[in-house]
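Here are my notes on this one, written as numbered points. Have the picture open while you read.

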Amino acid sequence: MSLNWLWLFPTGEEDAPNPKGIEFYHNVFCLLMSVYGSINGGDILPLGDDMEVGTDVKVDES
């Protein structure tokens, strides 16, 4: 699983992560844990990368 940095830092200029992005990934990980029982004990590994594809697109905050 790869994290999309735009969910966490929509403009790339934030000092702190977007709370809606944190909530989104929290929900994703909770769902994965409810299905697989664990994250690191299973085949799911959260992965952050440094790709900058699409950094000019902002996440809708509505």
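1. First, the ground rules: this is a predicted model, where local features need pLDDT of at least 70, side-chain atom pairs count only at pLDDT 80 or more, and totals for chains, interfaces and linings use all residues. Residues are numbered from 1 along each chain as its sequence is written, and side-chain values use heavy atoms, with hydrogens and water left out.

2. On to the overall fold. The protein chain has two helices and zero strands (DSSP runs: H or I of at least four residues for helices, E of at least two for strands). Of its 62 residues, 19% are buried, meaning under 20% relative accessible area with a 1.4 Å probe, while exposed is over 50% and partly exposed lies in between.

3. Now the rings. You'll find four aromatic pairs in the structure. Rings of Phe, Tyr and Trp (its six-membered ring) pair if their centres lie within 6.5 Å; planes under 30 degrees apart are stacked, over 60 edge-to-face, and the rest tilted.

4. Take W5 and F9: their ring centres are 6.4 Å apart and their planes sit at 35°, so this pair is tilted. W5 is partly exposed at 34% relative accessible area, and F9 is partly exposed too, at 25%.

5. What about F24 and Y25? Their ring centres are 5.0 Å apart with planes at 75°, so the pair is edge-to-face. F24 is partly exposed at 32%, whereas Y25 is buried at 7%.

6. F24 and Y25 also belong to a cluster: ring pairs link them with W7 and F29.
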